[in-house]
Amino acid sequence: MSRFDYDYVDSLYRSLQAEYAERNADYDIARKRVDGVLWGDSTNPTPRNRYSLSANYLLPIVMKHVQLLMGRLPAIQVMPRGVDEDDRRHAEKLEGVLYGIWNASNASDVFQTAAWDSYVLRRGIITYWWDTKAHQARFKHINPDDFYARYDSGEIFECTYAYRRHVEALRFEYPDKAAGIESNPPTHTAQIYGQTQPHLNNTDYVTVIDYYNRDGQHTRVANDLVLEDMNLAHPEGGVPFVEFPCYPANGNREPSNGIDQIIELVQYLSQLVSQKADVIRTYANPTILDKASGQSPEAIRRAVAADGSVLPIHRDGSLEFLNWSGTMPAIEDQVELVRDLIFDLSGKPRSAFGQTITNQSGVVTNLALTPTLQSNEYHETQWGKALSFLNRRLLQLTEKFGAAYKTTYRGYRPIGADMNKAKTTNLEFQGSEIQQWYENRIKWPSAIRTDDPVFIQNIVTQLTSDPPAISLYTALELLGHEDVEAEIDRIEQQLQDPRMHPDRLQAGQDAALAAGNGALAGRLMGGGAGGPLPPDNQTQMTGALEASGNPNKNALA
């Protein structure tokens, strides 16, 4: 009997859940702040909800981060083993396999959700597995609140993950243990702010706990049953989870998220906005000083509220508004200062929110966006490494468990300068064809406008300089072409196709007419053969054709 029984898994999960209670509390607060709940009952000062006006910059900052990082899916590049045609085609097939797995796993939604978790909750987590029914590797996003890990030298040694499953679905999946699968309350899973109640009811759902360790052990329990107990036998071992930390920290500390440093500033900005509203409200309905007017306070209040009112006042009496005396508080200046701090600390300047001069050039806009681009490049580096690792694991699973299966992979390959278009891929592939080759990297779409004239002109200038500062390969990559090799093949074909060069054809015809030999002209135009040219005319004709760059110049040979 395995030592990884129900008691072991349940006891470990409860222990880790207690250890991570403070972390989960921080997660819940972060969710509330992003949703605009900036104050709790104990933190919003009296009178109740005094600072109820919320200038919540947190939500757009988070969404802009997610959109900039994962609004467009990156491309995959599998590096060929060598430089010959077979190696290139083999790499392209492996890319097709990965794009097919991405498409089957709904990669766009998975990556965007993980990016949100990473920026708000410090880390996003993706798990991968082999789907025995589809004969494909798959991956999905999981909830960080219910994932608990023990680390050894920075790597996950063992971990548990709890989630809710529908009772009937679980019984169908494990028919031999269906009798023991019953609904239970969600006491094991984290209570998350905003969580939907149907997933928390006690009638139709049961809590499932998965256990993994780096030696490949996997145990799945529900109620008091062990549903699975096996060794996954994944290549290279390890647990089947990939973490995407926002800002990794050293010293065995939790990663940092992207919003903690600006939450207090957003709260203070909301205070300023609320105080400004208080000032406006006070001036709109100011206090009235009654200096022996002879009228009752209620009569004065009604008269001020009504239009065109007349109040009789004693000879020496008067009514005056209590106006502000002295210098007005610099609320506007303070608001601008706080907003600038929020923009600076979040790495999302005013230009990221569209606050630019109307006739501002693309160069100035790109310079203003530099902090945003630098921040995004940092996250692309972290995510690129993690996604490349995920792709490696997916290829390894396909090679080992799909070696005997011919599977169809349908996906979408990002193309175009901004990778905002896609080309359908359709590939039949057997896992044994991978041949232990998993080297890949992630190619990110340009975060700036690649159609900006200055950006393009810089590339063209470097390409056409003498000597060239960059190669044609590099120029095409900078312009966003996904398959550079194929594009260069097309350029070669175009250079050899005379139909693409009507100027050269016309120059050849003019040279033939100038040479004064009708037979040669007919020969160039597809007519009958002519006799040999006189030496002087032949020299003249050859020079004219070479000068024109006509591909038909070899017709003189």
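Analyst: Ser432 has a relative accessible area of 41% and is partly exposed. The model is a predicted one.

User: Why is Ser432 called partly exposed?

Analyst: Buried means under 20% and exposed means over 50%, with partly exposed in between. The value for Ser432 is 41%, so the label is partly exposed.

User: Where is Ser432 found, and what does Ser432 touch?

Analyst: The loop between β13 (421-430) and β14 (440-443) holds Ser432. Leaving out residues up to four places away in sequence, Ser432 touches Gly402 and Ala403. Ser432 and Gly402 are 30 residues apart in sequence, while their C-alpha atoms are 7.3 Å apart in space.

User: What makes the buried residues of α8 line one face of the helix?

Analyst: In helix α8 (residues 297-305), the residues Ala299, Ile300 and Ala303 are buried. Seen down the axis of α8, the buried residues fall within an arc of 100 degrees, so they line one face. In general, an α-helix has 3.6 residues a turn, so residues three or four places apart point the same way.

User: Which residues of α8 are exposed on the other side, and what covers the buried ones?

Analyst: Pro297, Arg301, Arg302 and Ala305 are exposed on the other side of α8. The cover over the buried residues of α8 includes β10 (288-291) and β11 (318-321).

User: How do you know that β4 and β5 pair?

Analyst: Pairing requires at least two bridges between two strands. Strand β4 (residues 147-152) and strand β5 (residues 155-166) have six bridges, so they count as paired, in the antiparallel sense. Ala149, for example, has Cys159 in β5 as its bridge partner. The hairpin of β4 and β5 has two residues between the strands, and Ser153 takes a positive phi near 55 degrees there.

User: How many bridges join β5 to β6?

Analyst: Nine bridges join β5 to strand β6 (residues 205-213), and the two run antiparallel. The cut-off is at least two bridges, so β5 and β6 are paired as well. Tyr161 stands opposite Asp210 in β6.

User: What makes β4 and β8 edge strands?

Analyst: Five strands form an open sheet with antiparallel pairing, in the order β4-β5-β6-β7-β8. Strands β4 and β8 (225-231) each pair on one side only, and they are the edge strands. From one strand to the next, the twist averages 15 degrees.

How values were computed: Residues are numbered from 1 along each chain as its sequence is written. This is a predicted model: local features need pLDDT of at least 70, side-chain atom pairs count only at pLDDT 80 or more; totals for chains, interfaces and linings use all residues. Side-chain values use heavy atoms; hydrogens and water are left out. Buried means under 20% relative accessible area, exposed over 50%, partly exposed in between (1.4 Å probe, protein chains only). Helices (H or I, at least four residues) and strands (E, at least two) are DSSP runs, numbered from the N terminus. The arc is that of the directions from the helix axis to the C-beta atoms. Contact means heavy atoms within 4.5 Å. Axes are lines fitted to C-alpha atoms, for helices over the stretch in contact, and angles run from 0 to 180 degrees between N-to-C directions.
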